[in-house]
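Morning, everyone. I have one structure to walk you through today. Have a look at the picture, and then we'll start with a single residue.

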Amino acid sequence: MQLFEKNGHQIIHGDALEVLHSKVIPDHSVDLIFIDPPYNIGKDFKGIKDKWKSDEEYLEWSYKWMDLCIQKLNKSGSFYIMTATQFMPYYDLYLRNKLNILSRIVWSYDSSGVQARKYYGSMYEPILYCVKNKENYTFNSDDILIEAKTGAKRKLIDYRKNPPQLYNTKKIPGNVWEYPRVRYRMEEYEDHPSQKPILLMERIIRASSNEGDVILDPFAGTFTTSFVGQKLKRRTIGIELNNEYVKTGLRRIEILEELNGEKLEKPLKSYEVRNAHSDLIPGLFDQ
Ligand SMILES: C[S@@+](CC[C@H](N)C(=O)[O-])C[C@H]1O[C@@H](n2cnc3c(N)ncnc32)[C@H](O)[C@@H]1O
């Protein structure tokens with residue numbers, strides 16, 4: 001296990017279970033936990049396992065880190081968790097005995113490609129939103145308001161109110177969230193198969209934490225949680241097993257500029273390489 005730290009942001013290179021078992025993160029010290037674990041669907045995390053021998057083994061493993069994460073959460077803390085659609089019912093059943101589940105969120109996205117030809121392709125990922133104490137938790141509804149599209153746009157009057165008044169132009173989002181997935185050409189893209197969008201993390205962090213709060217992400221990947229947390233002046237802890245993704249985090253959170261003599265720079269995308277070359281050698285890619 002290796003810990004990097006700068007200005008209230010910790011990156012821990014190690015196995016989530018081991019780190020959570022150790023006392024590196026004190027119990028009851030975290031305000032918000034966002035968990036986006038391997039989904040047990042065989043993704044390529046550069047050599048890190050995303051397929052267990054059986055679904056039961058995957059669930060047993062998941063329950064272990066869930067319990068440890070709950071231990072880290074303070075008494076007014078919030079807990080968001082994702083997994084594949086087929087495992088979420090098990091997570092839900094397990095967690096409803098340990099936390100208060102307040103929302104079952106659907107992150108919905110579109111795709112120009114065909115997902116499946118003989119059944120309905122998967123176009124969403126589920127997120128459970130839970131709190132430790134439903135009488136005392138952070139929910140900054142004013143910080144996540146969205147445009148109210150129906151009544152307000154048409155300047156309708158709400159006659160249910162006394163006296164009648166115009167519909168509100170803003171509202172608190174419901175539990176279906178539409179955000180595009182992170183695609184190669186997007187500025188935020190990193191080389192990772194299940195990077196979560198900045199906008200998704202912004203909503204979660206704004207709603208369920210305040211400036212200075214501590215946010216933990218035990219499966220940090222490209223460290224989107226830390227990146228957004230830093231932007232929003234929270235403190236963050238990210239755990240990641242894969243050295244390559246740790247390097248992405250160190251660069252993204254600006255903890256280090258180089259590691260073991262290697263400069264931590266964002267690799268150019270293929271079209272950026274092409275543009276750079278065609279600037280140097282005009283006409284090179286014209287045909
Ligand atoms: C679904 S991805 C997280 C993506 C992340 N939310 C993002 O926005 O980039 C899961 C991550 O967990 C990491 N991982 C897998 N097993 C781990 C373990 N035992 N401990 C820590 N990290 C692990 C994988 O390398 C992968 O990057």
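Find Tyr-80. Leaving out residues up to four places away in sequence, Tyr-80 touches Phe-34, Ile-35, Ile-127, Leu-128, Tyr-129 and Ile-204. Contact here means C-beta atoms, placed from the backbone, within 7 Å of each other.

Before I go on, two notes. Residues are numbered from 1 along each chain as its sequence is written. And this is a predicted model: local features need pLDDT of at least 70, side-chain atom pairs count only at pLDDT 80 or more, and totals for chains, interfaces and linings use all residues.

Back to Tyr-80. Where does it sit? In the largest nonpolar core, which has 48 residues. Ile-33, Ile-35, Phe-79 and Tyr-80 have the most contacts inside that core. A nonpolar core is a set of buried Ala, Val, Leu, Ile, Met, Phe, Trp, Tyr and Cys residues joined through C-beta atoms within 7 Å. Buried means 20 or more other C-beta atoms within 10 Å of the residue's own; exposed means 12 or fewer, and partly exposed is in between. In soluble globular proteins, nonpolar side chains tend to be buried together. Of the 287 residues of this chain, 32% count as buried.

Now Ile-204, one of the residues touched by Tyr-80. Ile-204 is among the buried residues of helix α4, residues 198–208. What covers them? The cover includes the strands β3 (30–35), β4 (73–82), β5 (100–108), β11 (176–178) and β12 (214–217), and also α5 (224–231). Overall, the chain has 7 helices and 15 strands. Those are DSSP runs, numbered from the N terminus: helices are H or I with at least four residues, strands are E with at least two.

Most residues other than glycine have a negative phi, and most peptide bonds are trans. Phe-223, in the loop between β12 and α5, has a positive phi near 65°. Phe-223 counts as buried because 28 other C-beta atoms lie within 10 Å. Asn-40 also has a positive phi, about 65°. Asn-40 is in the loop between β3 and α2 (55–72). And the peptide bond from Asn-162 to Pro-163 is cis, with omega near 0°. Pro-163 lies in the loop between β8 (157–158) and β9 (165–166).

Last, the outline. The C-alpha trace spans about 70 × 55 × 45 Å along its principal axes. That's my tour.

Conventions: Two residues are in contact if their C-beta atoms, placed from the backbone, lie within 7 Å.
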